[in-house]
Amino acid sequence: MERCLFIYNPESGKGKIKNKEKYIVDRLSSKFDVEVVHSQYAGNISKVILERGNEFSIIVGAGGDGTLNEIIDCVMRLENKPKIGYIPSGTVNDVAHSLYIPRKTKKAVENILTGQPFSHDIMKINDRYGIYVCAAGLFTDTSYVTDQKIKKKLGKVAYMFNGAKSIFKTKAVNLKLSYEGGEIEGKYAIILINNSRYTAGMKVNRYVNLNDGLVDVMLVESKKDIVKFHTIVRTIFMFLRGINHYINKKHVHHFQLHEFKVETGDNTVINLDGEKVSAGSFNVEVIKSGVEIIVPKIHKLQKCIKNI
């Protein structure tokens, strides 16, 4: 029987997963030899996976996109990479939306038991790994400056509230993007590096291919050092309508890239999968089919994701 590590923070998500732990373990035990680890402190998940991840054929994590990012970052550092099962229990759960992983706990567990592995591309940002989005500029600090207590009470509204407070004082990002065959330099409201159908709870990239070795890069121009209202509106509509509607707009630059470098100021904060990971210039490398995540066996997913 395959060995399974089930790891989560019992205090997160109002104790939602803790209350269902017995059910989850009982169901997983029908297929796997399950070991449960409760995360006790920040970085505990990383410590356990880095030290013992090679012992398991599958790691099941419960939490939000940040928890999934932590698991993926560690799995990418292991010699023998276990598959990943995901039980989404965060505020937004973009990756679950993107992969049609059920948000209901019982259905998510059944997906782990009956689904199929999907080889998902991974982004390497300097020395960190992420799965679905990297960004700098407008809106990109909202996820990690929003108070956890407010997140629990208000959910997505908390992100919107904090975003509204910050957008009218956002400074444009001065950067140079260098890639094989060219470069572009200027002042931008946002740089969005995307490999997901959903970002910030919105269907930003409905035609994305999640395992083609490429990411979509969007640069929204800003004429001023402080991002003006009309540029903010353009960016909001890009998120609401999806990036495909803006690929040919003159104020937006779009690239599909495998490897590139972004040079910017040391104070420019970089957000990876909703978490602040670094500041300043960074290198991006797309690792094709970097991890295997268990996804549903459904026709809708097969139409959306190529080569599954």
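Helices (H or I, at least four residues) and strands (E, at least two) are DSSP runs, numbered from the N terminus. With that convention, Asn205 is found in the loop between β11 (202–203) and β12 (215–221).

Good morning. The structure above is a predicted model, in which local features need pLDDT of at least 70 and side-chain atom pairs count only at pLDDT 80 or more, while totals for chains, interfaces and linings use all residues. Residues are numbered from 1 along each chain as its sequence is written, and side-chain values use heavy atoms, with hydrogens and water left out.

Let me begin with the chain as a whole. The protein chain contains 11 helices and 17 strands. Of its 308 residues, 53% count as buried; here buried means under 20% relative accessible area, exposed over 50%, and partly exposed in between, with a 1.4 Å probe and protein chains only. The chain exposes about 14,300 Å², of which carbon and sulfur atoms supply 49%; accessible areas come from the Shrake-Rupley method with a 1.4 Å probe, and for residues only the protein chains shown count as cover. Contact means heavy atoms within 4.5 Å. Among contacts between residues at least 6 apart in sequence, 75% join residues at least 24 apart.

I return now to Asn205. Is Asn205 buried or exposed? Asn205 is buried, since its relative accessible area is 2%. Leaving aside residues up to four places away in sequence, Asn205 touches Asn194, Ser196, Arg197, Asp216, Ile243 and Asn244. With one of these, Asp216, the side chain of Asn205 makes a polar contact of 3.0 Å. A polar contact is a pair of N or O atoms within 3.5 Å; within protein, one must be able to donate a hydrogen and the other to accept it, and residues adjacent in sequence count only if both atoms are side-chain atoms.

A helix comes next. Helix α4 (residues 65–75) is largely enclosed by the rest of the structure, because eight of its 11 residues are buried. The buried residues of α4 are Asp65, Leu68, Asn69, Ile71, Ile72, Asp73, Cys74 and Val75.

I turn to charged side chains. How many salt bridges does the structure hold? The structure holds 13 salt bridges, a salt bridge being a side-chain nitrogen of Lys or Arg within 4 Å of a carboxyl oxygen of Asp or Glu. One of them joins Arg3 and Glu35, whose closest N and O atoms are 3.1 Å apart. Arg3 lies in strand β1 (residues 2–8) and Glu35 in strand β2 (residues 32–38), so this pair ties together parts that are 32 residues apart in sequence. Glu35 also meets Arg52 in a salt bridge, at 2.6 Å from N to O. Because Glu35 lies in strand β2 and Arg52 in helix α3 (residues 44–52), this second pair ties together parts that are 17 residues apart in sequence. Arg3, Glu35 and Arg52 belong, with Glu55, to a network of salt bridges. Arg3 is partly exposed at 30% relative accessibility, Glu35 is partly exposed at 23%, and Arg52 is partly exposed at 24%. Elsewhere, Glu221 and Lys223 form a salt bridge of 3.5 Å, N to O, and Lys223 counts as exposed at 67% relative accessibility.

The aromatic residues follow. A pair of aromatic rings is described by the distance of the centres and the angle of the planes. Rings of Phe, Tyr and Trp (its six-membered ring) pair if their centres lie within 6.5 Å; planes under 30 degrees apart count as stacked, over 60 as edge-to-face and the rest as tilted. A search of the whole structure finds three aromatic pairs. Among them, Phe6 and Tyr8 are stacked, at 5.1 Å centre to centre with 20° between the planes, and both residues are buried. Phe139 and Phe239 form an edge-to-face pair, because their ring centres are 6.2 Å apart and their planes stand at 85°. This pair links distant parts of the chain, 100 residues apart: Phe139 is in the loop between β7 (133–137) and α7 (142–145), and Phe239 is in helix α10 (residues 229–241). Phe139 is partly exposed at 23% relative accessibility, whereas Phe239 is buried at 8%.

I close with backbone angles. Most residues other than glycine have a negative phi. Tyr100, in the loop between α5 (94–99) and α6 (105–114), has a positive phi near 60°. Ser289, in strand β17 (residues 282–295), has a positive phi of about 55°.
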